[in-house]
Amino acid sequence: MLAGFELIKIAFVGGLISLDSTVFGQFMLSRPIVAGPVIGWLCGDIKTGLLIGAMIELLWVGVVPVGVGVPPDSAIVCIVATAIAANKVPDAAAIAIIFSVPLGVIFKRLDIAHRKWNRVFLPVVENGIENGRYHILTFVIWLGVFLSFIKSFLFLFICVFLFNAILSYILPFIISAPALVKGLQVFMFVLPVLGLASFLASFVK
Amino acid sequence: MKNCNIIRTFFRSLLLQAVWNFERMQNVGFLYSIMPCLKEIYVTDENRLKNAAMRHFDFFNTHPYIANTIIALTLVLENETVAPTGLPSVAASEETKSQQIKSLKLHLGGPIAALGDTFFWARIKPFCGLIAAGYVFIRGFNNIGYFLIPSLIFIFLYNMPHIFFRFFGFWLGLKYKTDVVKIISNFKIQKISEIIRLAGIFVCIFVLIAYIVSSGKYRFAGVLVFLASFILIKKNVSIISVFWGLVIGCVGAGFLM
């Protein structure tokens, strides 16, 4: 069970990691293969983090942002899945991935709304330039960074809290059904194969 | 331009997309990056600084890694604008200069973005991800040793070309001015991406075979899923739909077994 402080810690580090995907630098620290082990290490279960990170990395390998298109966010999916699957039975990882994949699409919607909303800064900066107050530019940039961080932080906080509670509740029922466990094990095996197929499909002309 | 301002521009360009908006895209980040140098160039004339800032607040969008080249080019050209030209009307020559810079930003941004998208997003990123994740699945989870190794492999492999492009693009733009376009087109990026594409196919098939062979009782399921999802994705079914199909199929198979 996640304690309150641990939840804040995960959301804080997750928010910082997810800044890397568009706002700051793009050193690809926000890729699942990096974010998964980091969050896993934070939860004290680095192995689950690596497993989920590698799975989601392969699942997202064929997703290419082109031009101004915004793809579903892989970092959020990986952070939520790792946080809720950590320190539970191994089969929890499959359910955590199934639960958190839709979050990538929801977060993408949120991101698009945020980017549309960002235009409110344009007249503010133009006004500042007209009046010779150039420091407003620095202020707006760092405000933008801060708002992006808050967006990811709150989203992660709510999702990890909610999904962790749901997963802890339904996990005993799932484990007690052998057919379901078997199905999930097959699923965990074939998920990387799906990722490899999508990789090959995007690399073969 | 002073070196410290150029270094500041380089680090500020990391925040290029901080206020990415659908109306003018990277304009805020662009102006923020070049601001220290602009202030230095137009230190004597408040009005021209204002005009220059307004000019660079216009629409701008390109690939974040190669944007540094355009930033450097813009700065070099802006720096030339203030040099005394000796022409009869300084204002008119400056007007044409600023139009030149504007059209350069606009016309260079598109092709460079296309180049960056196909090279970094569509080739380097999946390839590095495949190598790191493939390493995890081939070695197996129990004998990986230190668990951060795949992440470090990924960061190292990916950021080598990334930082190279960021840094040398900036430097080349400052040094060679508009000749940089010729230099970048001499890099043979198309050829390199073709090599990466072939290497990617090779590594992918290797990982796939090693993974399926080592799996024992699930071999048949692996081959079946691979063929089905490859055909579906090639027919433009989105990977999320295939994912949900897989979830339902696997849970159903669990009940049938």
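## Close-up views of a predicted two-chain model

**View 1. Phe226(B) has its place in helix H9, residues 219-234 of chain B.** This is a predicted model, in which local features need pLDDT of at least 70 and side-chain atom pairs count only at pLDDT 80 or more, while totals for chains, interfaces and linings use all residues. Residues are numbered from 1 along each chain as its sequence is written, chains are lettered from A and ligands numbered from 1 in the order in which they are written, and side-chain values use heavy atoms, with hydrogens and water left out. Helices (H or I, at least four residues) and strands (E, at least two) are DSSP runs, numbered from the N terminus. Phe226(B) counts as buried because its relative accessibility is 12%, where buried means under 20% relative accessible area, exposed over 50%, and partly exposed in between (1.4 Å probe, protein chains only). Leaving aside neighbours within four places in sequence, Phe226(B) is in contact (heavy atoms within 4.5 Å) with Val193(A), Ala197(A), Leu200(A) and Leu208(B). The C-alpha atoms of Phe226(B) and Leu208(B) are separated by 9.0 Å, with the two residues 18 apart along the chain.

**View 2. Ser193(B) lies in helix H8 of chain B, which covers residues 189-213.** With a relative accessibility of 11%, Ser193(B) counts as buried. The side chain of Ser193(B) reaches the backbone oxygen of Ile189(B) at 2.8 Å; a polar contact is a pair of N or O atoms within 3.5 Å, where, within protein, one must be able to donate a hydrogen and the other to accept it, and residues adjacent in sequence count only if both atoms are side-chain atoms. Apart from its neighbours within four places in sequence, Ser193(B) is in contact with Phe119(B) and Arg123(B).

**View 3. The largest nonpolar core has 149 residues.** Such a core is a set of buried Ala, Val, Leu, Ile, Met, Phe, Trp, Tyr and Cys residues joined through side-chain atoms within 4.5 Å. The members that touch the most other members are Ile97(A), Phe187(A), Leu191(A), Leu31(B), Tyr158(B) and Phe243(B). Beyond its neighbours within four places in sequence, Leu31(B) is in contact with Ile129(A) and Leu137(A) of chain A, and with Leu38(B), Ala53(B), His56(B) and Phe57(B) of chain B.

**View 4. The largest pocket has a volume of about 760 Å³.** On a 1 Å grid over the protein atoms alone, a cavity is a set of points where a 1.4 Å probe fits but cannot get out, and a pocket is an open set with protein on both sides within 12 Å along at least five of seven lines, while lining residues have an atom within 4 Å of a point. Grid points are joined across faces, edges and corners, and a volume is the space filled by probe spheres set on the points. Of the 43 residues that line the largest pocket, Ser21(A), Thr22(A), Pro65(A), Pro71(A) and Arg115(A) lie nearest its centre. H5(A) supplies the largest share of this lining, five residues. By class, the lining of the largest pocket has 18 nonpolar, 17 polar and eight charged residues, where Ala, Val, Leu, Ile, Met, Phe, Trp, Tyr, Cys and Pro count as nonpolar, Asp, Glu, Lys and Arg as charged, and the others, Gly among them, as polar.

**View 5. The second largest pocket holds about 440 Å³ of space.** Among its 18 lining residues, Leu51(A), Met55(A), Met188(A), Phe189(A) and Tyr211(B) lie nearest the centre. Two or more residues of this lining come from each of helix H3 (46-59), H5 and helix H8 (178-203) of chain A, together with H5 of chain B. H8(A) gives the most, with four residues. The lining of the second largest pocket divides into 13 nonpolar, four polar and one charged.

**View 6. The largest cavity contains about 60 Å³ of space.** A search of the whole structure finds one cavity of 30 Å³ or more. The lining of the largest cavity consists of Ile66(B), Thr69(B), Phe164(B), Phe165(B), Phe168(B), Gly169(B), Leu172(B), Ile184(B) and Phe187(B). Five of these residues, the largest share, come from helix H6 (residues 149-176) of chain B. The lining of the largest cavity has seven nonpolar, two polar and no charged residues.

**View 7. Gln26(A) has its place in the loop between H1 and helix H2 (32-43) of chain A.** Met28(A) is also found in the loop between H1 and H2 of chain A. Most residues other than glycine have a negative phi. Gln26(A), although not a glycine, has a positive phi of about 55 degrees, and phi of Met28(A) is near 60 degrees, a positive value in a residue other than glycine. Gln26(A) is buried, with a relative accessible area of 2%, and Met28(A) counts as buried at 4% relative accessibility.
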